[in-house]
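Let's walk through this model together, from one chain contact to the folds of the separate chains. Keep the structure open beside the text as you read.

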Amino acid sequence: MYNVVIIGAGVIGNFIARELSKYKLNIAIVEKDSEVSNGTTKANSAIVHGGYDAKPGTKMAKFNSEGNPMFDKVCKELDVPFKKIGSLVLAFNDEDMETLKELYDRGIENKIPNIEIIDKNKVKEMEPNINDDVIGALYSPTAGIVGAYELAIALAENAADNGVELILNNEVKDIEKIDDGYKILTNKQEIKSKYVINCAGVYADKINNMVAKETFKIIPKRGQYYILDKSASYITNHVIFQCPNKFGKGVLVAPTVHGNIIVGPDSQELNDDQRDELQTTSDNIEYVRNTAVKSIEKIPFNKTITNFSGVRAEPDTGDFIIEESQDAKGFINVAGIKSPGLSSAPAIAQYVVELVKERYDGLEKNKDFNPRREMIVFNELSKEKKAELIKKDPRYGRVICRCENITEGEIVDSIRKNAGATTVDGVKRRARPGAGRCQGGFCGPRVMEILARELNKDIEKIVKDGNESNILTGKTKS
Amino acid sequence: MKEYEKVCIVCPVGCRLTITEDSNSNNGYRVEGNNCPRGEKYGIKEVTNPTRVLTTTVKISGAHHDRIPVISSDGLPKKKLFECMEIINDVNIVAPIKAGDVIVEDILDTGVDIVASRSMDKQ
Amino acid sequence: MLNYDIVVIGGGPAGLAAAIEAKKNGINNILIIERDKELGGILQQCIHNGFGLHVFKEELTGPGYAEKFINELKSLNIEYKLDTMVLDITEDKMISAINTEDGFMEIKAEAVVLAMGCRERPRGALSIPGTRPAGVFTAGTAQRFINMEGYMVGKKVVILGSGDIGLIMARRLTLEGAEVKAVAELMSYSGGLTRNIVQCLDDFDIPLLLSHTVVDIKGKDRVEGVVIAKVDENKKPIPGTEKLYECDTLLLSVGLIPENELSSGAGIELDSTTNGPKVNESMETNIEGIFACGNVVHVHDLVDYVTEESIRAGRNAAKFIKKELKKDSHTINTKAKDGIRYIIPHEIRVENLDNTLDMFMRVTDVYRDAKLVIKADGEIVREIKKKHLAPGEMERIKIPVKDIKNNNISNITVEVQGKVK
């Protein structure tokens with residue numbers, strides 16, 4: 001019997017787990033996929049928003065403005081890349097300028113620090129590649145960029161280091177109310193827990209409906225993106241937004257924490273049964289491109305290294321749903337966490353901890369809690385440190401990923417950690433081999449070899465991502 | 001009178017050959033469309049006994065790879081390529097191997113050997 | 001810190017030839033740095049024959065071709081380090097590299113030869129729509145798996161791109177028991193040699209779909225099919241022509257890109273057409289004493305020409321060490337005109353030429369019965385008749401030095417005259 005079971009190992013679930021692991025609780029995360037961070041968390045803009053956008057008084061406004069300042073600390077504790085580079089919302093006409101003023105006023109009401117409306121000259125001075133027809137911008141210096149899935153993975157690893165159990169490959173099929181809590185039936189087992197926290201992302205409504213009345217619906221919305229090579233990084237140093245419209249915050253152009261450029265997303269409402277449909281489509285990708293060039297005409301799309309799409313969980317209520325279910329006590333929904341969900345995650349986690357604490361009288365702190373999760377990034381070390389590290393462990397002297405100079409040592413680390421990688425994409429999201437220009441052409445086979453060795457598996461059994469995503473189909477001549 | 005259309009593969013030009021049965025000609029065939037004598041020779045061979053050089057791999061143990069590349073010492077009859085593959089696929093050899101070592105002698109009685117196309121030392 | 005006269009980055013065909021030639025020209029203190037576990041580079045996975053017709057006058061396999069150079073290298077006692085990665089090269093030829101045995105190394109070179117080769121364009125670079133399942137490979141990755149490591153990558157395969165690697169892999173997969181359903185090619189002509197279309201596709205009744213491309217990839221975990229559509233003259237898919245091919249594997253043979261991240265880091269000027277360094281007649285880059293050769297400069301289709309070019313780089317690196325390379329010379333620039341995509345070298349210091357000026361170039365289209373016209377300052381110096389010209393086949397032109405040496409020519413241009421096929 002667990003004290004708390006969290007359904008869904010995305011950034012929200014993992015953040016809550018890690019914050020709860022600061023207390024003496026028996027916690028598990030149940031995840032349907034073979035890896036953590038495999039849903040919306042792995043495919044979004046990875047922006048920590050300033051917080052001026054959400055309507056004052058909403059949960060979105062509250063948690064975004066509270067969450068943004070919390071990133072420095074947690075990212076430092078967990079060795080997660082985070083850069084407070086600031087954002088610009090561009091205006092190209094008088095109507096846009098009106099929108100900027102509205103956003104500015106909201107920002108002031110939301111208590112967002114240091115925002116200002118700047119004129120064309122200042123915009124061009126800050127970002128010379130922005131198109132000449134810009135007339136002004138809303139500058140929000142506290143906006144930032146973060147490694148979104150790196151954060152979710154780091155949180156899961158740190159939570160696991162602090163005793164949280166991670167139950168992968170378990171899809172929740174049903175939840176039953178029992179005397180002292182809930183019985184969760186997965187495709188593999190029964191899991192009992194006093195409290196259940198529903199962080200199931202695009203499936204959160206389905207999970208809720210297993211134990212409670214339908215009080216909200218999740219509308220899956222897909223967004224598609226470009227990632228450009230590092231050599232395109234010169235085009236901007238800030239997160240560049242266009243004025244928001246009814247489809248969301250619109251197409252952005254931004255650096256990533258790894259020095260690439262991200263362009264996207266569009267917003268396409270999917271049918272109820274399309275929540276896993278992560279394909280990219282030529283029309284939408286073209287729309288992203290044609291819209292992005294309105295901000296920066298000279299985006300070098302010939303430097304594209306990959307496209308991807310993510311499905312966001314849009315709540316039909318218009319705001320985050322973070323509360324205990326009315327008719328299922330001890331069942332807490334954390335649902336509809338669309339943008340600014342990532343930015344809000346630290347504050348949401350803290351709030352949910354409070355909800356749990358209220359239910360436990362005199363909950364004891366976990367004195368052994370270790371907030372640190374370390375991550376070695378060989379390429380970022382000084383030459384002395386590099387030399388020292390190879391001397392200590394020669395595996396750091398063997399480069400596996402030639403595009404990003406990622407060593408065998410880092411890949412082994414990513415597998416051996418608690419909640420470590422078990423798939424090629426899992427290794428890629430942790431240590432980044434294959435995330436560079438060649439997208440794994442050279443290093444893919446080597447990563448598979450290392451995975452096979454470390455997991456003591458046959459190389460033919462190594463999968464890309466999902467359980468059936470085998471890469472090799474057998475040996476030749478057999 | 002039978003006529004065949006073939007593309008010459010002797011050099012990169014890729015002449016389009018027309019090969020016609022012709023009892024008056026020395027070889028029994030008349031070749032047109034070729035730009036050089038090699039094309040004529042190829043054209044006739046292609047309609048009488050087409051052959052291909054086969055390159056593939058053989059299982060090896062004791063080396064730094066699990067497969068070693070091999071090549072046929074001459075052209076093999078085109079229609080026997082898959083039959084040859086079956087024989088080659090069953091071969092297991094052990095390092096060290098030197099480039100040129102015969103791996104399968106006189107495969108399918110064609111008079112053609114399968115030889116190693118590189119060396120592999122014992123690890 | 002280690003010191004060498006010449007450090008060659010890359011132990012493939014380019015690096016091997018350059019190092020051997022430098023040694024033969026009297027330089028003893030040479031090091032080759034190779035990132036793989038053996039020398040030979042990409043040749044080791046190219047097990048088909050057709051290599052060496054120019055250099056050795058015989059048809060060798062890739063590994064066979066490599067072995068000749070590796071043996072010579074070993075008999076000349078040229079030093080090399082395997083499994084070693086260069087992290088950085090500076091303008092003043094300081095190289096940092098790592099491996100498991102020596103750890104972190106700083107190496108000072110008097111001259112550097114860049115011979116890092118090229119990499120394949122991945123799926124992402126094409127923005128092919130669809131899902132992201134397992135089973136999408138670049139042709140070279142699949143080739144390594146099958147030929148060197150002995151693993152099959154699929155059972156039912158579609159190949160996008162009809163360059164030689166795509167064609168060769170269609171045959172390889174078929175021989176190993178897979179079913180190759182089709183080879184789709186965006187262009188209206190194949191980028192591969194005609195002989196490969198005959199031997200690799202026609203022999204096995206594999207359809208070649210010209211002016212077609214992949215417009216969708218289906219499958220959640222593993223590829224379940226790809227949709228191929230016909231494209232119009234602007235290479236845009238034509239609606240209504242889509243056809244689903246059920247397959248578990250998509251192989252991409254859609255181009256190679258020179259690997260010049262180290263070069264850029266050192267401040268070497270690149271040509272935006274070739275994506276390789278700009279070089280002069282001696283294969284020297286804009287940084288004195290840093291030379292480049294092979295696929296890192298421009299992607300070749302024949303290894304024989306890689307060898308030829310690398311011999312030139314090696315010989316000139318040796319000359320540089322011996323201070324025989326002339327810096328102040330009358331300089332001619334080359335310029336690609338109508339029908340020519342690029343010319344190597346970019347710049348010619350006339351005093352450093354021996355008997356001939358060797359130029360490599362590629363044309364922009366397929367031509368029949370055309371001619372290459374070489375002009376010096378607008379005056380025709382030479383015309384070379386060509387029955388057949390294609391973008392997939394590199395052209396080499398040799399011009400006797402006497403034709404250009406005596407007068408004060410400032411530029412040499414090459415153009416194609418003739419009909420686009």
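Strand E23 (residues 474-475) of chain A pairs with strand E11(C) in the antiparallel sense over 2 bridges. Strands here are DSSP runs of type E with at least two residues, helices are runs of H or I with at least four residues, and both are numbered from the N terminus. Two strands count as paired if DSSP finds at least two bridges between them. Within this pairing, Lys475(A) stands opposite Tyr151(C) in E11(C). This is a predicted model, in which local features need pLDDT of at least 70 and side-chain atom pairs count only at pLDDT 80 or more, while totals for chains, interfaces and linings use all residues. Residues are numbered from 1 along each chain as its sequence is written, and chains are lettered from A and ligands numbered from 1 in the order in which they are written.

Residues are in contact if their C-beta atoms, placed from the backbone, lie within 7 Å.

Two of the listed strands, E6(C) and E7(C), form a hairpin with 4 residues between them, and Lys93(C) in the turn has a positive phi of about 65°. Their pairing is antiparallel over 4 bridges, and Val86(C) has Ala97(C) in E7(C) as its bridge partner.

Let's move to chain A itself, which has 13 helices and 23 strands. A compact globule of 478 residues would have a radius of gyration near 23 Å, and chain A agrees with 22 Å; the radius is taken over C-alpha atoms, and the globule rule is 2.2 Å times the number of residues to the power 0.38. In chain A, helix H1 (residues 11-20) packs against helix H6 (residues 148-161) at an angle of about 35°, with the axes 8 Å apart. Axes are lines fitted to C-alpha atoms, for helices over the stretch in contact, and angles run from 0 to 180 degrees between N-to-C directions. Residues of H1(A) including Phe15(A) and Arg18(A) meet residues of H6(A), among them Leu151(A) and Leu155(A). The contact of H1(A) with H6(A) has 9 nonpolar, 2 polar and 1 charged residues.

Finally, turn to chain B, where 5 strands form an open sheet of mixed pairing in the order E8-E5-E6-E10-E9. Strands E8 (92-94) and E9 (102-104) of chain B are at the edges with a single partner strand each, so one side of each has no neighbour in the sheet. E8(B) pairs with strand E5 (residues 55-61) of chain B in the parallel sense over 3 bridges, and Lys59(B) has Asn92(B) in E8(B) as its bridge partner. Helix H2 (residues 81-89) of chain B lies across E5, E6 (67-72), E9 and E10 (114-116) of chain B, running at about 15° to E5(B).

How values were computed: Contact = placed C-beta atoms within 7 Å. Nonpolar A, V, L, I, M, F, W, Y, C, P; charged D, E, K, R; others polar.
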